[in-house]
Amino acid sequence: MTDDLFMRAALAEAEKAYQAGEVPVGAVIVRDGEIFATGYNLREIGHDPTAHAEIVAIRNAAARLGHWRLSGMTLYVTIEPCPMCAGALVNARLARLVFGAADPKAGAVISLMDLVRDQRLNHRLEVTAGVLEEECGALMRRFFRMRRG
């Protein structure tokens, strides 16, 4: 139930991206049962290829915390992270990742590879996939239908 609650907050962030004309991906970082930081895609607005929702949320959390280690925190994101974002989750030392819909074309957690649990890396995350999967996927489908006209 708690995962659903925080994923709904990530969906609210994704809706902000949608309204801004960005690919609708939203993320929230939770610390001690409370939302600590949020983010949504800002690539188009910021002219920044690294401004994915996960990266924006990580930057916001690290700035608020005053250092880069986000140990003990959980990131909720509406879509399976790409390789760049999965790598950032490992490097930020997040404890857990919860995501909604899989991304068969770019996902780096269950779809194309499993970067966040790779035993060769010095840190691994606990993963929960498929939370509010239909709602997360539906928002993406709605966005791309609209873009195709």
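Two strands are said to pair if DSSP finds at least two bridges between them. Strands here are DSSP runs of E with at least two residues, helices are runs of H or I with at least four, and both are numbered from the N terminus. The structure is a predicted model, in which local features need pLDDT of at least 70, side-chain atom pairs count only at pLDDT 80 or more, and totals for chains, interfaces and linings use all residues. Residues are numbered from 1 along each chain as its sequence is written, and side-chain values use heavy atoms, with hydrogens and water left out.

Strand 1 runs antiparallel to strand 2, with 6 bridges, and valine 30 stands opposite isoleucine 35 in strand 2. The hairpin formed by these two strands has 2 residues between them, and aspartate 32 there takes a positive phi near 50°. Strand 1 also pairs with strand 3, again in the antiparallel sense, over 4 bridges. Which residue of strand 3 is the bridge partner of valine 30? The partner is threonine 74. Threonine 74 in turn stands opposite arginine 96 in strand 4. Strand 3 and strand 4 run parallel and are joined by 5 bridges; leucine 75 has leucine 97 of strand 4 as its bridge partner.

Strand 3 is mostly covered, with 6 of its 6 residues buried, where buried means under 20% relative accessible area, calculated with a 1.4 Å probe on protein chains only.

Next, the helices. Axes are lines fitted to C-alpha atoms, for helices over the stretch in contact, and angles run from 0 to 180 degrees between N-to-C directions.

How do helix 1 and helix 5 run relative to each other, roughly parallel or roughly antiparallel? Their axes come within 10 Å and cross at roughly 5°. The two helices are therefore roughly parallel, a term for angles under 35 degrees. Contact means heavy atoms within 4.5 Å, and the residues that meet include Leu11 and Tyr18 of helix 1 and Leu139 and Phe143 of helix 5.

In helix 4 (residues 83-91), Cys85, Ala86, Gly87, Ala88, Leu89 and Val90 are buried. Their cover includes helix 3 (53-65), strand 3 (74-79) and strand 4 (96-101). Just after helix 4, arginine 93 takes a positive phi of about 65°.

Finally, the core. A nonpolar core is a set of buried Ala, Val, Leu, Ile, Met, Phe, Trp, Tyr and Cys residues joined through side-chain atoms within 4.5 Å. The largest one has 49 residues, among which Ile29, Ile58, Leu75, Leu94 and Leu97 touch the most other members. Helix 1 gives the most to this core, with 7 residues. Leaving aside residues up to four places away in sequence, isoleucine 29 touches, among others, Ile35, Phe36, Ile58, Leu70, Leu75 and Leu94. In soluble globular proteins, nonpolar side chains tend to be buried together.

How values were computed:
Buried means under 20% relative accessible area, exposed over 50%, partly exposed in between (1.4 Å probe, protein chains only). Angles under 35 degrees count as roughly parallel, over 145 as roughly antiparallel, 65 to 115 as roughly perpendicular and the rest as oblique.
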